[in-house]
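Biologist: Before we discuss the assignments, please display the sequence and the coordinates. I shall then ask on what grounds each label is given.

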Amino acid sequence: MNAASNAKWVAVGQSARIISQLGNMFILARILPPSDYGLMAMAGVATNLAILLRDMGTAAAVIQKHELSHEITNAVFWLNVCMGLAIGLVLLATSPLIAKAFRTPELMGVLCFLSMTYPISSTSAVHQALHERKSRFRRIAMIDISCTVISLASAIIAAINGMGVYSLVIQTIVTTTLSTVLLWISSDWRPTRSVDFSSLKELFRFSSNMAGYQLVSYFFRNADSMVIGRILGSTLLGLYSMASKIMMIPVQNITWVSARALFPVMSRLQHDIPEMAKLYLNSIKTISFLTAPIMTGLFIMRYEFIDFSLGSRWTLVATLLGILAPVGFMQAIGGATGPVFMAQGKTSLLLKFGIFSTVIYVLAFILGSSWGVVGVAIGYLIACVFVTIPTIYLAQKSLGLAYLATYKSIFPSVLWALLAAAFVSLIKEYFLLSKVMFIDLTLQTLIGGSVYLIAMFYLAKPYFINIMKR
């Protein structure tokens, strides 16, 4: 079991998700209006909650537990199946009420179709957890690639044929169904009819706190959509949702890769704190090295990028990205602390801090909404600062690290990313680039990336070499 090998295959699988995101931006977003994405964002408020309730933290418990028996695994499987069926039925029954709450009748049909995904996906949650426990990330990567390509193709065909928002629904249904089938085929574990639910007591302390943390995090992750959708409407929510998705790219595609790769390794090393601390700092350095130039580059090129990739009707997204870009970096760094708490079994600490963080974020969104969708984004940025600092402090304390350890790890990459961004800004201001937007974006990216890598290599050589060895 090796964290670097895990990260490599998780990254391969995640590259398929990036293709899907780019396909949604460059192809589907030019066919579908912002209001369709707003509908899916509204639906996500309910469906994301359903995902958390279906799992109840049991998948993470399966990965974290030092010794795992068939009885426990089997009980978790049947618990997930029962929860998946129940949640699917509840979502189906409450879809009219949810649509009414958002004042959007079209939402009911979307939720009815999405409800069928929960009974399906619940049957493969254990199979994926067992793959991750044994670091079989190569198999998962192949499944992710297959599902992403086929589901994206299905969505594009549906959109071209005028199915509107239901092309995005089809994409979700195809992904869920195909991944479930492939996870069963690739796994050697099978459930049995004899179930002993009493064996779940061994996982209850970990999974109950984990479920509670996921539940309160859900309110934070969806509070902005709830506020904007309820007060400002589906069109503005669609614009904000697109900005948020772009901002979350480093969190989803870098931090998530690192966290998912580290969790099973740290769980096996949960009694070796010095080694865990070393893994944490190395992951923080790598995340910062990759994320800092992405977010600074996105900030200075946001208007050209949005105009080129999405078109003129999405211009407000560029304004929002200017506010949310720093949030993306802070959440990328803060997100790396999760595996530390989970591997050490400190899910009760996660729950308590999750409640604190959610209160801060929700208040910020509500107060910010008085100034429109831009105010919500500003509230997000301010709240993120107040949450990220104590998150890092708690992670360092649990690993016995000095207070400034994390900040020292990220300082070189942040400094030289800002330098590269300043250089590109000067080029844009005082030198004429091509009048072709694609060429301008390419040139700015190449110039900024080259300046960043050269500065890192010559001015922070030990740091750079350490990153390249990961």
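Biologist: In which helix is V327 found?

Modeller: V327 is found in helix α15, residues 315–335. Helices here are DSSP runs of H or I with at least four residues, strands are runs of E with at least two, and both are numbered from the N terminus. This is a predicted model, in which local features need pLDDT of at least 70, side-chain atom pairs count only at pLDDT 80 or more, and totals for chains, interfaces and linings use all residues. Residues are numbered from 1 along each chain as its sequence is written, and side-chain values use heavy atoms, with hydrogens and water left out.

Biologist: How many helices and strands does the protein chain have?

Modeller: The protein chain has 21 helices and zero strands.

Biologist: Why is V327 called buried?

Modeller: Buried means under 20% relative accessible area, exposed over 50%, and partly exposed in between, with a 1.4 Å probe and protein chains only. V327 has 0% relative accessibility and therefore counts as buried. Buried residues make up 54% of the 470 residues in the protein chain.

Biologist: Which residues is V327 in contact with, leaving aside its neighbours within four places in sequence?

Modeller: V327 is in contact with M247, Y380, L381 and C384 on that basis, where contact means heavy atoms within 4.5 Å.

Biologist: What makes A325 a buried residue, and what does A325 touch?

Modeller: A325, also in helix α15, has 3% relative accessibility and so counts as buried. Not counting residues up to four places away in sequence, A325 touches M247, M295 and F299. Its C-alpha atom is 9.4 Å from that of G297, 28 residues apart along the chain. The C-alpha atoms of A325 and M248, 77 residues apart along the chain, are separated by 8.8 Å.

Biologist: Where is M248 placed, and why is M248 called buried?

Modeller: M248 is in the loop between α11 (234–247) and α12 (249–268). Its relative accessible area is 12%, so M248 is buried. M248 touches R221 and Q331, residues up to four places away in sequence not being counted.

Biologist: Why is R103 called exposed, and what is its phi?

Modeller: R103 has a relative accessible area of 59% and is therefore exposed. This residue lies in the loop between α4 (70–101) and α5 (107–114). Most residues other than glycine have a negative phi.

Biologist: How are α13 and α18 placed relative to each other?

Modeller: The axes of α13 and helix α18 (residues 372–399) come within 9 Å and cross at roughly 145°. Axes are lines fitted to C-alpha atoms, for helices over the stretch in contact, and angles run from 0 to 180 degrees between N-to-C directions. The contact is made by I273, M276, A277 and Y280 of α13 and by I392, A395, S398 and L399 of α18. By class, this contact has seven nonpolar, one polar and no charged residues. Ala, Val, Leu, Ile, Met, Phe, Trp, Tyr, Cys and Pro count as nonpolar, Asp, Glu, Lys and Arg as charged, and the others, Gly among them, as polar.

Biologist: Why is T296 called buried, and what does its side chain reach?

Modeller: T296 is in helix α13, residues 273–300. Its relative accessible area is 17%, so T296 is buried. The side chain of T296 reaches the backbone oxygen of P293 at 3.2 Å. T296 also touches A417, L418 and A421, not counting residues up to four places away in sequence.

Biologist: What puts the buried residues of α14 on the same side?

Modeller: The buried residues of helix α14 (residues 302–309) are R302, I306 and S309. They cover an arc of only 80° around the axis, which puts them on the same side of α14; the arc is that of the directions from the helix axis to the C-beta atoms.

Biologist: How many disulfides does a search of the whole structure find?

Modeller: The search finds zero disulfides, a disulfide being a pair of cysteine sulfur atoms within 2.5 Å. C82, at 46% relative accessibility, therefore counts as partly exposed, whereas C147, at 3%, is buried.

Definitions and conventions. A polar contact is a pair of N or O atoms within 3.5 Å; within protein, one must be able to donate a hydrogen and the other to accept it, and residues adjacent in sequence count only if both atoms are side-chain atoms.
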